[in-house]
Amino acid sequence: MAPNSGFAILLRSPWWVSFAIAAAIVLACGALLPAHIAPFAAVGAVPIAVIGCIAAWRQWRAPGAARVQAALQAAGAMPWREFADSLERAWRAEGQQVQRTDGRSSDLRITKDGKTVLVAARRWKAASHGVEPLRELQAAVQREGARAGVYVALSGTVSENARSFARDNGLVLLEGDALAALLLKAGAKDA
């Protein structure tokens, strides 16, 4: 799905927005169309209501702000080996195979359905994240024929140049809420 399509935007919006739009469509159909046609036209609101249900389900299952902050703080207090173990557990919980790499530009190799993704996570506590580690990761992705690369940034700031480089080269920046959600999966697996 395109990231800026109407359905993608509704999935990112609060759940009630989709239901409000669906209700507005139904009301407009009832008010503007002849009575024998209105019910058939109102069926067009069903996909939007379904998107509202999906958004509600996702938002209900999403961790709260306090849990996200606690997960990020706990990760910030971990030494490298423990942090890497948490990432491995989380990705294994998603059904992926994880191997440690000994390369300078990547730390983990994730494989699922024959597709490989390289992960650079060793600089997770850096105060700032620039383009150079992303260039190294991109070179490793190309060298190993991996499908993609993931760069983990727990703390610090990712420069705009680094964000542009990642976007232009198909690299994923794993940070903030997405990183916390992944780490919470590792914690749930332990419980």
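Start with Arg 100, which is partly exposed at a relative accessible area of 33%. Here buried means under 20% relative accessible area, exposed means over 50%, and partly exposed lies in between (1.4 Å probe, protein chains only).

Before going on, some ground rules. This is a predicted model, where local features need pLDDT of at least 70 and side-chain atom pairs count only at pLDDT 80 or more, while totals for chains, interfaces and linings use all residues. Residues are numbered from 1 along each chain as its sequence is written, and side-chain values use heavy atoms, with hydrogens and water left out.

**Salt bridges**

What joins the side chains of Asp 85 and Arg 100? They meet in a salt bridge, at 2.5 Å from N to O. The term stands for a side-chain nitrogen of Lys or Arg within 4 Å of a carboxyl oxygen of Asp or Glu. Asp 85 sits in helix 6 and Arg 100 in strand 1 (residues 97–100), so the pair ties together parts that are 15 residues apart in sequence. Helices (H or I, at least four residues) and strands (E, at least two) are DSSP runs, numbered from the N terminus.

Next, select Arg 122 and Asp 107. Their side chains form a salt bridge too, at 3.3 Å from N to O. The pair links distant parts of the chain, 15 residues apart: Arg 122 is in the loop between strand 3 and strand 4 (128–129), and Asp 107 is in the loop between strand 1 and strand 2. Buried or partly exposed: which is Asp 107? Asp 107 counts as buried, at 5% relative accessibility. Arg 122 counts as partly exposed, at 48%.

Move to helix 7 (residues 131–144), where Glu 132 and Arg 135 are 3 residues apart, about one helical turn. They form a salt bridge, with the closest N and O atoms 3.8 Å apart. Glu 132 is partly exposed at 44% relative accessibility. Arg 135 is partly exposed, at 44%.

Now select Asp 85, Glu 88, Arg 92 and Arg 100 together. Salt bridges that share partners join these four into one network. The whole structure holds 7 salt bridges.

**The cores**

Select Phe 83, Leu 87, Trp 91, Val 119, Val 152 and Leu 179. Of the 28 residues in the largest nonpolar core, these touch the most other members. A nonpolar core is a set of buried Ala, Val, Leu, Ile, Met, Phe, Trp, Tyr and Cys residues joined through side-chain atoms within 4.5 Å. Several elements each supply at least two residues of this core, among them helix 5 (65–76), strand 3 (115–120) and strand 5 (148–153). Which element gives the most? Helix 6 does, with 6 residues.

A second, separate core has 15 residues, including Leu 118, Leu 134, Leu 137 and Val 158.

Go back to Trp 91 and show its contacts (heavy atoms within 4.5 Å). Leaving out residues up to four places away in sequence, Trp 91 touches Gln 96, Val 98, Leu 108, Ile 110, Val 119, Leu 174 and Leu 182.

**A loop residue**

Select Ser 105, in the loop between strand 1 and strand 2. Ser 105 is buried, with a relative accessible area of 12%. Beyond four places away in sequence, Ser 105 touches Ala 120, Glu 136, Leu 137, Ala 140 and Arg 143.

**Across the model**

Select Ala 42, in helix 3 (residues 38–42). Ala 42 counts as buried, at 15% relative accessibility. Its contacts, not counting residues up to four places away in sequence, are Val 26 and Cys 29. Now draw a line from Ala 42 to Ala 140. They are 98 residues apart in sequence and 52 Å apart in space, C-alpha to C-alpha.

Draw another from Cys 29 to Ala 181. This pair is 152 residues apart in sequence and 41 Å apart in space, C-alpha to C-alpha. Ala 181 is in helix 9 and counts as partly exposed, at 28% relative accessibility.

**Confidence**

Finish by colouring by pLDDT, the predictor's confidence in each residue, from 0 to 100. The protein's mean is 87, and 95% of its residues reach 70 or more. Among its elements, helix 2 (residues 15–32) has the highest mean pLDDT (94) and helix 9 the lowest (73).
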